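This briefing looks at how two chains meet in one model. Please view the sequence and structure below before reading on.

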Number of protein chains: 2
Amino acid sequence: MDRVDRILAQWHRERPDLDVSAMGLLGRLGRLSTHIGREIEKTFAERGLSSSSFDVLATLRRSGPPYRLSPGDLLATTMVSSGTMTNRIDQLEKAGLVERLDNPDDRRGVIIALTDEGLKRVDDAATAHVANQHRVVSELSPEERANLDALLRKYLAAFE
Amino acid sequence: MDRVDRILAQWHRERPDLDVSAMGLLGRLGRLSTHIGREIEKTFAERGLSSSSFDVLATLRRSGPPYRLSPGDLLATTMVSSGTMTNRIDQLEKAGLVERLDNPDDRRGVIIALTDEGLKRVDDAATAHVANQHRVVSELSPEERANLDALLRKYLAAFE
DNA sequence: ATAGAGTATCTTGACGTAGAGAGAAACTCT
DNA sequence: AGAGTTTCTCTCTACGTCAAGATACTCTAT
């Protein structure tokens, strides 16, 4: 009987006509995602970053040398709108972690490049982030993690 | 080999020192929650609501007649800050869906009450929302849903 | 009883960030 | 050359948090 169960029980009492069986799963998924997001955010905040800025830096870092991608490439992996990406790049540029370079092949576009400082920061943050992720999943046993991951993979496939 | 797998493969190539085994599970959970949140939002938007405003209205509705709670009560279930709750109530009050009443027992506080229009709107939205939730979980079989829910329940218990 | 310190409730204001939609510039293709 | 498309930016609006503030309640020591 967790908080979500209590919510379902209230609904059942007030609106017995509603079949709230799907609400439990979706409610738990949402709440869990919020809790985990807050935990993850702390690690980044300690390093002057946020999940949002790390997302961008990490995408550049993962792409390998020379750590350069177009805003469009960055958009493709990060699930945000183009306006939001412009904003994120502005912030990171102000912080000196990325720079905008002219794209010699297409003058509409720009190239976002990690600076040396950006590379250091993202590598440091990634190390701490991965350790923190292990802490966050440690509540589940290895078997539970594997089962959960398999179910999430199947479910996620329905959306992308 | 989904998008998350591709991200993990990139990390492995660039930072083989990192053990990214936890990242897959957490990444899928986050992406899934974002996708589902967007689906859910659509149903509310069609009715002039949002997940945020529905959250407040639904909490009042579920509490049963006379559909009145203090802002503090509302805070306890909705996972937002007090400033955010004040904001949400302001919006709903402007829309005529709730009203602020004096609390006779404690003059610091107020009582948030569903209006007749608010009751209608939340009952209508809840019906549509529940149907939409069923659509959203229909990608999984009943067994998969039960397994996923059980794992999420266990995991969520670690946070609340 | 009651003054005063501490606590609780809610609001406010500053700030950061998200998305939608329009717009500017350059590319592509016929 | 010109229509249509692509890429990125900009503006507007909405909403979240945090920290500080106003007001009222509570509890204790006298």
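Which residues of the largest nonpolar core touch the most other members? In this predicted model, they are Trp11(A), Leu148(A), Tyr155(A), Trp11(B), Leu148(B) and Tyr155(B), out of 86 residues in that core. In soluble globular proteins, nonpolar side chains tend to be buried together.

**Extent of the interface**
- Chain A and chain B each bring 67 residues to the contact.
- Between them the two chains bury about 6700 Å², with 65% of this area on carbon and sulfur atoms.
- On the chain B side, the residues that lose the most area to chain A are Arg62(B), Met79(B) and Tyr155(B), which together account for 11% of what that side buries.

**Polar and charged links**
- Twelve salt bridges are counted between chain B and chain A.
- One of them pairs Arg31(A) with Glu160(B), whose closest N and O atoms lie 3.1 Å apart.

**Make-up of the chain B side**
- Two or more residues each come from α1 (3-14), α2 (21-45), α3 (51-62), α4 (71-78), α6 (116-137) and α7 (142-157) of chain B.
- The largest share is that of α2(B), which gives 17 residues.
- By type, the chain B residues that touch chain A comprise 31 nonpolar, 15 polar and 21 charged.

Conventions:
Residues numbered from 1 in each chain as written. Chains lettered and ligands numbered in written order. Predicted model: local features only at pLDDT ≥ 70, side-chain atom pairs only at ≥ 80, totals over all residues. Heavy atoms only, no water. Contact = heavy atoms within 4.5 Å. Buried area = accessible area lost by both parts, 1.4 Å probe. Salt bridge = Lys/Arg side-chain N within 4 Å of Asp/Glu carboxyl O. Helix = DSSP H or I, 4+ residues; strand = E, 2+ residues; numbered from the N terminus. Nonpolar A, V, L, I, M, F, W, Y, C, P; charged D, E, K, R; others polar. Core = buried A, V, L, I, M, F, W, Y, C linked by side-chain atoms within 4.5 Å. Buried < 20%, exposed > 50% of the residue type's maximum accessible area, 1.4 Å probe, protein only.
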